[in-house]
Number of protein chains: 2
Amino acid sequence: MANKTQTPTVPIFDSTVIDSDREDGYWVETFNFSSGDQAPGVIVSGLVSGIVEFLDNPIAQASHASEANPDDTWTKYQIAKFDSPVAVVAVDVTGNGLTDVLVCHDYGPFMLECNPEGGWITWLENPGRGNLKKSAKDASDNHWKQRKIGRWPAMHRMKAGYFTQRSYLEVIAASVVYGPHDKTTPIPIIRFQAPEKVLEATEWPRAIVDDENFTVIHEICKKKLKGPDGLDSLVVASREGTTWLYFENGSWHRQLIGIGEPKEPRQSPTSESPGSGDHWGSGGVDVGGLGDDPFAYIATLEPFHGVAAGVYTKVGRGLKDTQWKRQILDVYGTPNQLLKTGDGPGHFIVCADFDGDGDDEFLLSLYGPLDREENGESIPPPSGPHPDKGIMYYKAIDASKGLFAKWRITNESSARIAIGNFGGKGNLDLISVSYNVARYYEEPNPVVTLHLNKTPKPAPPITEGIIIPTVWDGEGLVYLALPREASSSQSLPLIEVANYALAVEVHPPGTRIPIDTGEGVKVLFGGVADINGSRTPLGTSPFPTQVSTTSEDSDLSADAETGAILLRLTPVNDTEAGEWPSAAEVPVRTTFDTSELGLDFEPLAFKKVEDLWWGEHFKGLDFYNMSGFHFRFQHDKSQIAHLQFWTAGTGVDCGVHNHTDAIFQEIHVCLSPGTGNGGMSRIKEEFEDTPPSELPNLDESAFDHVPLPELYEHGGLWHRDSYDRPIRGEMNLVSYPWHKWQAGNGENVDVWLALEFNPDLQVP
Amino acid sequence: MANKTQTPTVPIFDSTVIDSDREDGYWVETFNFSSGDQAPGVIVSGLVSGIVEFLDNPIAQASHASEANPDDTWTKYQIAKFDSPVAVVAVDVTGNGLTDVLVCHDYGPFMLECNPEGGWITWLENPGRGNLKKSAKDASDNHWKQRKIGRWPAMHRMKAGYFTQRSYLEVIAASVVYGPHDKTTPIPIIRFQAPEKVLEATEWPRAIVDDENFTVIHEICKKKLKGPDGLDSLVVASREGTTWLYFENGSWHRQLIGIGEPKEPRQSPTSESPGSGDHWGSGGVDVGGLGDDPFAYIATLEPFHGVAAGVYTKVGRGLKDTQWKRQILDVYGTPNQLLKTGDGPGHFIVCADFDGDGDDEFLLSLYGPLDREENGESIPPPSGPHPDKGIMYYKAIDASKGLFAKWRITNESSARIAIGNFGGKGNLDLISVSYNVARYYEEPNPVVTLHLNKTPKPAPPITEGIIIPTVWDGEGLVYLALPREASSSQSLPLIEVANYALAVEVHPPGTRIPIDTGEGVKVLFGGVADINGSRTPLGTSPFPTQVSTTSEDSDLSADAETGAILLRLTPVNDTEAGEWPSAAEVPVRTTFDTSELGLDFEPLAFKKVEDLWWGEHFKGLDFYNMSGFHFRFQHDKSQIAHLQFWTAGTGVDCGVHNHTDAIFQEIHVCLSPGTGNGGMSRIKEEFEDTPPSELPNLDESAFDHVPLPELYEHGGLWHRDSYDRPIRGEMNLVSYPWHKWQAGNGENVDVWLALEFNPDLQVP
């Protein structure tokens, strides 16, 4: 939105090497060993060593976080060794709560020299923790049972999910090239579906997703892009660019997001030699969400092992169709890499909400510079940090304009990043592996590094709160969470009137609610109980019953099922007089604060009733009104009650009425009985049929009058049926006897509040 | 987005009655009489009087805003009188630049008693201002020529636009009911297309949009919902609810947004009598945009002449499919109206961005309460203000949650609202007409009221600025607008170094740019000129030329075509010494401020080169670096230049190099020549072929050395072709001779800045 103030948080990640005993490094994948684990580990593999290892998080089995530390030793288990394993996917294939591992392997030494008989996808059956041998004699003693899924040469990326249906596990797999020395034949993207007898199957049934449209696929990203209940879909980074690939209405659909790095005139489509700079299109992709838009931008690294980090942002948006604009945020690499030789420095890009503000940031893995050719000499890069090595963190300051901020998380060479709650604190932590593939890019001393996310979480915006204030046509409106959905108690000040500070409070079910002597509590929704029993909004016995809103107890307890929303009346200004000769002198201080929303709330004040739209019959009377506050539920905006305030001077008759102009159940609470014996008067039964025009002529003897003491409420006046429900008349009106507030003889003013409850409130 | 701080502005509208001489009131439509007018007028009509009037804005023909005032008299012209005119549409039918008027009429007294032969749509030809008679003897003397388009009984709403194609004007028209006493037969929604010979045609060709799906259509809203270049589409408010109706791939499509007020068990579909409460579904609709989402929420008034103002907001959003959640924000009306009798109090709802913050608010017209039945008596409502009468203004504080703020703009009865720049100041002002339809709702003394929008415009967010700062991996990055697209000059402080304050500035073409004596200016993009000629970023004659960045002039002028982006160096700390014995003593103060974006920017500081990633060969040398700032264009993020700073102590050789690790065109500007004769040294031609390993052994005699005075820049060192273009070598490297900064013999340090320009910058 145009007017927002963004407050990106500075990312803070620490750094701990959790594995330095390595021959090489290529892949790292988050791996939650079993469903009850406290925190996930990782699977790490090397393309040349062929070793696939499980690094067990030291806190995975800790019953308390204090027992172990994620910086402690990560025990390493070699779970397989293949010829040239490439991608790793973690998924529970058997459905037994233990996460299994898929690996594609027999790749071959290089993309162009891929093994035409290779590209096998194998799944490794998780043996359970009891079968992990910490001190195996032979590394292979810990190897997991292998079963084949299928193959295609140069198999290179896989995702597991539910892409065409929601019932059987599917694996989508894509080679990087069609086969040896073939960058130009479209690659089959293959969907494998888990068979019923997955432990007995010799392979999995397969189907072609697409074998006409994609070449040099370097990455496939999986996202639910059609809502949380939708199917998984894919975004493919290939020589053709970035393409959304999704299944709908029985077939696969492609939508090109953008072509990425365009093919330059100098580039030949048939060249095969490394270093020839024959890469274009895209090489890495992930989808970033902003707020409630899960497909807000697309982060890309382009082309293959590329140089340009950028985003596609939405332009010219219609309701159904989205166009995307590519914006290059940074170009990395040495002059040689900038020729798009596929020699880096970028390898991986991933989006997630690392700072917890509801918007996704993205990370970029840079593995580093190649040797530098200078005057015929090959000069190795400096051994230490280098601008083209590390993990960069990009955060949108205005994604639609492609405006970002960038921080460097680490200087170490990064091939890929696994994201997970590795620290056990609910954050998105990182584990990165150095890039070391022999004869290509060999980072010295490859390591696996844990980066715990210590970025402070932003305070939730006020519109995420349990109690949200807003301005409503000169009154205050309070949006309230259902108490049973509130995570904690919360209170919001409203106003101080007649030496009482009023606040509205939400209390989850069962909450102990302290109450001081002299404080009043009026339940607006749900219920509370003290030693004298329970209270509900409308549960007081009918008029002329009167009950105090105070308590002899020191705690109330919120109803165990519904919780409670209540109005608290706390004495303030103790040193001042508690009665006042006129409405103008009744202390009023508006404490309702909407400034966090940028909204001015004009302080409330008593207005003479004769000046109100309906007040023409009250000319000259010492009768004042101050309105007020609406209380509504957040979830459906339904009205709970409306609050307003009144004052009446000596002997004032506030007008006989029976509420035919609005539909509500009304309760009054006295704040100051300034006229001494002011209170509610109800017409005696024998006068019920007095014609309305003659009502003003009735004297006090026609009424039952009940003075209302300070902090007392009276029982509801409405007519009730035998189930104590309000009787509803014509037009759904709540049926009332004629009644009025009648002030007494004292010389100060009565001050009281009125709560108009919604008789139709329904809470699911 | 989750983390934004919303700052809704309090709406401020004044109020001026511009027509109080009326029999009745029903419709008001913004009407720009002719294409050259300064501000639009309105068409106003009454359903019972049948009079259709043009109210001419007093500033419509004013050549200067000061000549006339929109609060002055609005001259009224009766342009037609029909039996029961209903909807009015303003559109230039003939294409002559004069806006014509469409009216549907012969409605009949009431919806259920509609004229089965009526519902004609007539268009009124605008005669041009010269043919308006201010003092016509007979009101009908000003009637405009009428031609028929077509008809259907009870014709009630129309929109003109391009719904199925972009070439010929179309009018979509919808009756409120199928015909007399028929609320249940689906209504034909009809598309009329303007014929070629529109002045001769006896009617317009027509086609049915839909005659199977809609009953009791009270409103149709037209929006381009598929991008600014898309076709117009409709949102229909009918008994079925709110429905998006759009043409795509050769046919019309419906998408139900929501059913609105559900039919209650008590409600009979066959009842016809007024007051029986047989309305459900929707009665008013408009679409609100938020930020760059033009279809962010849908505001509705439900049902027919309804009671419930609400919004549909998006939930469970996928990429292609949107689900909508209805949230009722307010329920208006007396108990009788709440029965959904179709007696009000609501009549019209409209969305627009009234406060200019990029998000649409919505307005609701409430015409007022009906007479109140009480104990068998009919009691008229108070003559003055009433809560159910007026215009309410709703602004989202979190639209996705349905959280709004609400203000009342006016207390007057409102049937409809026209929106336009009526005040001539580019604001969205309002004109409202009271509801007065005989025998239904008769607001006493119906008037037309102008409400000029005086709501203060919010300051544009910093991300809308000409110069936008951000954080970029420890450096500053400045996103700059193209000068030719900048509305004004703008400046952003960067840093103070060595008693010079540096700022980056954008100047539109032709701007006069003041320059003080002692100030330096280095052009980064475009050009400037003074009495001594023009300057461009790389236009200085080649090394060993040196030129001052100061000017003998008091003004520079920005290039008339490109404008200019420049770096200004302004002397500060005049009383302090201008030279310093060590880098640590060189005054540095970072003035670059990203706090408005919530970003901390860590102050820059000189770092010893030996500690930098590439600095291993400079161990022990008094050689420092401070980096720096990137300058990039906003529109495509392309790099203009990078700025960094250096210091070197007595006699320091800063290293012979020829820029093979990055691609740029480098220029230096001296800030403090502390070593006296420090400057740029270029290898003599005869030593060009020295092997790199022997270069450090060359003594000063092998170099041409040019000391660089304070505020001087040197001409670029790169090799050039005969067109003065940089020669590009292997890997696109800019080809340089061997060179270095060589400090002199003085005892203080040299301080200079380096600008690395992008040799591949392309500006469209």
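Two strands are taken to pair if DSSP finds at least two bridges between them, and strands (E, at least two residues) and helices (H or I, at least four) are DSSP runs numbered from the N terminus. The model is predicted, so that local features need pLDDT of at least 70 and side-chain atom pairs count only at pLDDT 80 or more, while totals for chains, interfaces and linings use all residues. Residues are numbered from 1 along each chain as its sequence is written, chains are lettered from A in the order in which they are written, and side-chain values use heavy atoms, with hydrogens and water left out.

In chain B, four strands form an open sheet in the order β2-β3-β4-β5, with antiparallel pairing. Its edge strands, each pairing on one side only, are β2 (27-31) and β5 (75-81) of chain B.

| Pair | Bridges | Residues opposite each other |
|---|---|---|
| β49(A) (residues 679-683) and β52(A) | four bridges | G679(A) and Q742(A) |
| β4(B) (residues 51-56) and β5(B) | six bridges | L55(B) and K76(B) |

Strand β52 of chain A (residues 739-742) directs H739(A) and W741(A) one way and K740(A) and Q742(A) the other, and all of them are buried, that is, under 20% relative accessible area with a 1.4 Å probe and protein chains only. In a regular strand the side chains alternate between the two faces of the sheet.

According to an unreviewed UniProt entry, residues 467-758 of chain A carry the annotation "domain: Aldos-2-ulose dehydratase/isomerase (AUDH) Cupin"; such annotations may be inferred rather than shown by experiment. The span is 0% helix and 41% strand, and its end C-alpha atoms lie 19 Å apart.

Key: Buried means under 20% relative accessible area, exposed over 50%, partly exposed in between (1.4 Å probe, protein chains only).
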